[in-house]
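The sequence and structure are shown below.

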Amino acid sequence: MVTSSKQTCLSMRGDSYWEIRIPSQLSDGRREVDKFVSRAEAWGVSHEESLALRHSLYEAVVNAVRHGNHRDASQHVRICYRFLSSEIFIEVEDEGPGFDRDLIPDPTSEENRCRPGGRGLLMMRHFMNSVEYNERGNCVMMRRTRQRG
């Protein structure tokens with residue numbers, strides 16, 4: 001279980017809460033991201049905002065499948081999310097050993113511009129108001145404040 005001093009979607013169960021465990025396969029991840037986007041738009045999230053949420057969740061799932069669980073279909077990825085009137089919370093957790101985000105190269109620095117790695121994390125930080133990791137580094141917790149028209 002994820003522990004955090006901050007409020008997570010696990011501590012906020014209700015009718016706007018969903019949690020799913022999927023095998024570490026990108027096809028399953030894409031399907032769940034599509035379901036998430038449909039639910040977000042049904043909840044009243046604009047199409048533009050749903051694109052930002054889609055990219056953030058998809059990057060987190062891809063990282064969990066590829067880097068966390070090394071595409072091992074016997075391992076699972078847990079995805080949970082909660083829609084509130086003013087915020088959306090998302091958690092993605094894999095069964096891998098975790099990572100140290102300080103060891104991920106900055107993709108915006110000159111020496112790393114042509115090297116792979118770090119762009120998904122950069123995108124998640126761009127689209128979300130908050131991106132945090134548990135101590136182990138195998139769970140990302142993201143929060144986005146909803147846009148009001």
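## Terms for the pocket lining

Ala, Val, Leu, Ile, Met, Phe, Trp, Tyr, Cys and Pro count as nonpolar; Asp, Glu, Lys and Arg count as charged; the others, Gly among them, count as polar. The model is predicted.

## The largest pocket

The volume of the largest pocket is about 500 Å³. It is lined by 29 residues, and those closest to its centre are Asn 63, Ala 64, His 67, Phe 99 and Leu 121. By class, the lining has 13 nonpolar, 11 polar and five charged residues.

Helix H2 (47-68) gives the largest share of this lining, nine residues. At least two lining residues each come from H2, strand S3 (87-93), helix H3 (119-127) and strand S5 (139-145).

## Salt bridges

The whole structure holds nine salt bridges. One of them joins the side chains of Glu 95 and Arg 21, at 3.7 Å from N to O. Glu 95 lies in the loop between S3 and H3 and Arg 21 in strand S1 (residues 17-23), 74 residues apart. Glu 95 counts as partly exposed because its relative accessibility is 34%.

Asp 34 and Arg 54 form another salt bridge, with the closest N and O atoms 2.7 Å apart. This pair links helix H1 (residues 26-42), which holds Asp 34, to helix H2, which holds Arg 54. Asp 34 is partly exposed at 40% relative accessibility, and Arg 54 is partly exposed at 27%.

## A buried pair and its network

Glu 93 and Arg 78 meet in a salt bridge of 2.9 Å, N to O. Glu 93 is in strand S3 and Arg 78 in strand S2 (residues 76-83), 15 residues apart. Both residues, Glu 93 and Arg 78, are buried. They belong to a network of salt bridges that links Glu 19, Arg 78, Glu 91 and Glu 93.

Conventions. Residues are numbered from 1 along each chain as its sequence is written. This is a predicted model: local features need pLDDT of at least 70, side-chain atom pairs count only at pLDDT 80 or more; totals for chains, interfaces and linings use all residues. Side-chain values use heavy atoms; hydrogens and water are left out. On a 1 Å grid over the protein atoms alone, a cavity is a set of points where a 1.4 Å probe fits but cannot get out, and a pocket is an open set with protein on both sides within 12 Å along at least five of seven lines; lining residues have an atom within 4 Å of a point. Grid points are joined across faces, edges and corners, and a volume is the space filled by probe spheres set on the points. Helices (H or I, at least four residues) and strands (E, at least two) are DSSP runs, numbered from the N terminus. A salt bridge is a side-chain nitrogen of Lys or Arg within 4 Å of a carboxyl oxygen of Asp or Glu. Buried means under 20% relative accessible area, exposed over 50%, partly exposed in between (1.4 Å probe, protein chains only).
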